[in-house]
Amino acid sequence: MKITILGSCAGTEPMPGRHHSSFTIEHNDSLFWIDAGEGCTYTAHLRGIDLLSTRAIFISHPHIDHIEGLPHLISILEKLNSRADPTSTVLTGKTIDVYIPELEVWEAIMKMNKYTFPAYDNNNIEYKPTCYKDGIIFDEKGLKITALHNFHMGKPQKGEPWLSYSYRIEADGKCFVYSGDLGGPEDVDPLFDSCDLLFMEAGHFQVDKVCRYLK
């Protein structure tokens, strides 16, 4: 399992040398995206990451600093696939799973990109959006991702879905926990047991207080 951080900045104004939250996981010749902050596609492509090995995309919550790069990512996947050498990795005929807490966001992105997609009508890439809930949401070829809701976007009204999640990601005998924004550091408690690494956005908390809490 190889992790590449593409952006680690909270949802602030633009900052030199920083981008909003996003990282990739490379595992068993497949690529997985966790959140899609600004510039994630640009950064990944220029670092030599094979975008055409994309297997799934996971969005922790639908705030703009975590999804603003998603329309561009989808557009570039289509463009790169249309230009790929037939002997190389291609996405034609494959399915990319998209795990997102609110399907209206995905539908809006696809509507926005429809003016670009006609140029790639022969790509035949299928996107499978899923509005997920607590529990194991992905378990394939040794990579397991478990989701747990947090209180960053508040407690939903009865019958409404939770909109913000944290992830426990396990592969190759290692485990790390990722969360974008949180209601409080206690939100990740159930995921943190026997964890090797924690990624947590600290834009809403003082880092020293979070460290004392975790200790």
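Mentor: We begin with classes of residue: Ala, Val, Leu, Ile, Met, Phe, Trp, Tyr, Cys and Pro count as nonpolar, Asp, Glu, Lys and Arg count as charged, and the others, Gly among them, are polar. Please note also that this is a predicted model.

Trainee: What makes the lining of the largest cavity 1 nonpolar, 3 polar and 2 charged residues?

Mentor: The lining consists of His27, Asn28, Ser30, Phe32, Glu140 and Lys141. Phe32 is on the nonpolar list and Glu140 and Lys141 are of charged types, so His27, Asn28 and Ser30 fall to the polar class. This gives the division into 1 nonpolar, 3 polar and 2 charged residues.

Trainee: Why is this space called a cavity and not a pocket?

Mentor: In a cavity a 1.4 Å probe fits but cannot get out, whereas a pocket is open. The structure holds 1 cavity of 30 Å³ or more, and the volume of the largest cavity is about 40 Å³.

Trainee: What lines the largest pocket, and which classes are present?

Mentor: Its lining is made of Ile5, Gly7, Ser8, Ser21, Ser22, Phe23, Tyr178, Ser179, Gly180, Phe199, Met200 and Glu201, around a volume of about 190 Å³. Strands E1, E2, E10 (174-179) and E11 (197-200) each give two or more of these residues. The classes are 5 nonpolar, 6 polar and 1 charged; Glu201 is the charged residue, because Glu is on the charged list.

Trainee: What is known of the second largest pocket?

Mentor: This pocket holds about 150 Å³ of space. Of its 13 lining residues, Ser30, Ser53, Thr54, Arg55 and Lys94 lie nearest the centre. The lining divides into 3 nonpolar, 5 polar and 5 charged residues, with at least two from each of E4 and E5.

Trainee: What makes Arg55 and Asp97 a salt bridge?

Mentor: The distance between their side chains is 2.8 Å, N to O. The limit for a Lys or Arg nitrogen and an Asp or Glu carboxyl oxygen is 4 Å, so the pair qualifies. Arg55 belongs to strand E4 and Asp97 to strand E5, 42 residues apart, and the pair thus links distant parts of the chain. The structure holds 5 salt bridges.

Trainee: Why are E1 and E6 said to stand at the edges?

Mentor: The open sheet has 6 strands in the order E1-E2-E3-E4-E5-E6, with mixed pairing. Strands E1 (2-7) and E6 (126-130) each have a single partner strand, so one side of each lacks a neighbour in the sheet. From one strand to the next, the twist averages 20°.

Trainee: How do you know that E1 and E2 pair?

Mentor: Two strands pair if at least two bridges are found between them; E1 and E2 (residues 22-27) have 5, so they meet the condition. Their sense is antiparallel. One of the contacts joins Gly7 to its bridge partner Ser22 in E2.

Trainee: Which strands does helix H3 lie across?

Mentor: Helix H3 (residues 70-83) lies across E3 (30-34), E4 (54-58), E5 (95-99) and E6, at about 170° to E4. Helix H4 (residues 103-113) lies across E5 and E6, at about 155° to E6.

Trainee: What is noted about the phi of Asp172?

Mentor: Asp172 is not a glycine, yet its phi is positive, near 55°. This residue sits in the loop between E9 (165-171) and E10.

Note on methods:
Residues numbered from 1 in each chain as written. Predicted model: local features only at pLDDT ≥ 70, side-chain atom pairs only at ≥ 80, totals over all residues. Heavy atoms only, no water. 1 Å grid on protein atoms, 1.4 Å probe; cavity = no way out; pocket = protein on both sides within 12 Å on 5 of 7 lines; lining within 4 Å. Points joined across faces, edges and corners; volume = space filled by probe spheres on them. Helix = DSSP H or I, 4+ residues; strand = E, 2+ residues; numbered from the N terminus. Axes fitted to C-alpha atoms, helices over the stretch in contact; angles between N-to-C directions. Contact = heavy atoms within 4.5 Å.
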